[in-house]
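Hi there,

Here is the structure I promised to pass on.

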Amino acid sequence: MVEYLQQYGIIRSKKVAEVMEAIDRGLFVPGGSPPYVDSPMQIGYNATISAPHMHATCLELLKEHLQPGMHALDVGSGTGYLTACFAMMVGPQGRAVGVEHIPELVTSSIENIKKSAVASLLNEGSLSVHVADGRLGWPDLAPYDAIHVGAAAPEIPQPLIEQLKPGGRMVIPVGTVFQDLKVVDKKLDGSVKIRSETSVRYVPLTSRAAQLHNY
Ligand code: SAH
């Protein structure tokens, strides 16, 4: 899978190749689904684990902001796959936080992470996953060098912009039917620059009730 993503130029760095080799997607995909096929998979609760090429794209966009010791927030952490990748990159001195609003997914993501190469970081406390509305971010560990949002918001939630550190970067899909993956850079003077990276299709960043009842 990693070789395929390298061949197609989606993984461009050694760092991202290494982390995607180390965090085995097979541990995060529900039993019965083929884990190394480049496509999203249903994980229940109207949620999906993103396709490997989307995980790789986001890791490439965020890698400079996931250096050892940095703080990373993964909103809509789902299976926990990217949270685990972030934890490996920021290491024991950093903090990787997942926020997910479906309690059952938080529980299963913690089980997945416990089987993975970053289980020790979960025990030591540099990696954590919480049940909460990710549109509000996770103020306790702000500001963040890197924020990833794994579900599409109609517009960028203000609390997430506020919790981004000057010099930090957020990657967030924005839109309803047509969505763009936006790259939000907060400059050192606090000003914010936003550009579109590519067209994408994510599940919505919404309320728990709307997600479970499909409205
Ligand atoms: N990166 C995850 C993506 C999971 S799909 C992965 O690859 O496994 C998007 C996730 O966002 C779903 O799990 C969904 O439950 C969650 N989500 C949607 N709206 C949310 C909200 N307001 N707060 C927290 N999580 C939310």
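Let me start at the ligand: one of its oxygen atoms lies 2.8 Å from a polar side-chain atom of His55. I am counting a polar contact as a pair of N or O atoms within 3.5 Å; within protein, one must be able to donate a hydrogen and the other to accept it, and residues adjacent in sequence count only if both atoms are side-chain atoms. A ligand nitrogen atom sits 2.8 Å from a polar backbone atom of Gly134, and an N or O atom in the side chain of Gln211 is 2.9 Å from an oxygen atom of the ligand. On its own the ligand exposes 580 Å², of which the protein buries 99% (Shrake-Rupley accessible areas with a 1.4 Å probe).

Before going further, please keep in mind that this is a predicted model: local features need pLDDT of at least 70, side-chain atom pairs count only at pLDDT 80 or more, and totals for chains, interfaces and linings use all residues. Residues are numbered from 1 along each chain as its sequence is written, and side-chain values use heavy atoms, with hydrogens and water left out.

There are 24 residues around the ligand, and His55, Thr79, Glu100, Gly134 and Thr206 come nearest (a residue is near if one of its heavy atoms lies within 4 Å). By type, the shell splits into 9 nonpolar, 12 polar and 3 charged residues, with Gly counted as polar and Tyr, Cys and Pro among the nonpolar ones. Strand β2 (residues 47-49) gives the largest share of the shell, 3 residues.

That strand, β2, pairs with β1 (residues 41-44) in the antiparallel sense over 3 bridges. Met41 has Ile49 in β2 as its bridge partner. β1 and β2 form a hairpin with 2 residues between them, and Tyr45 in the turn has a positive phi of about 60°. Strands here are DSSP runs (E, at least two residues), as are helices (H or I, at least four), numbered from the N terminus; two strands pair if DSSP finds at least two bridges between them.

Then there is an open sheet of 7 strands with mixed pairing, in the order β5-β4-β3-β6-β7-β8-β9. β5 (127-131) and β9 (192-200) are at the edges with a single partner strand each, so one side of each has no neighbour in the sheet. Inside the sheet, β3 (residues 71-75) and β6 (residues 144-149) run parallel, joined by 4 bridges, and Val75 has Val149 in β6 as its bridge partner.

Best wishes
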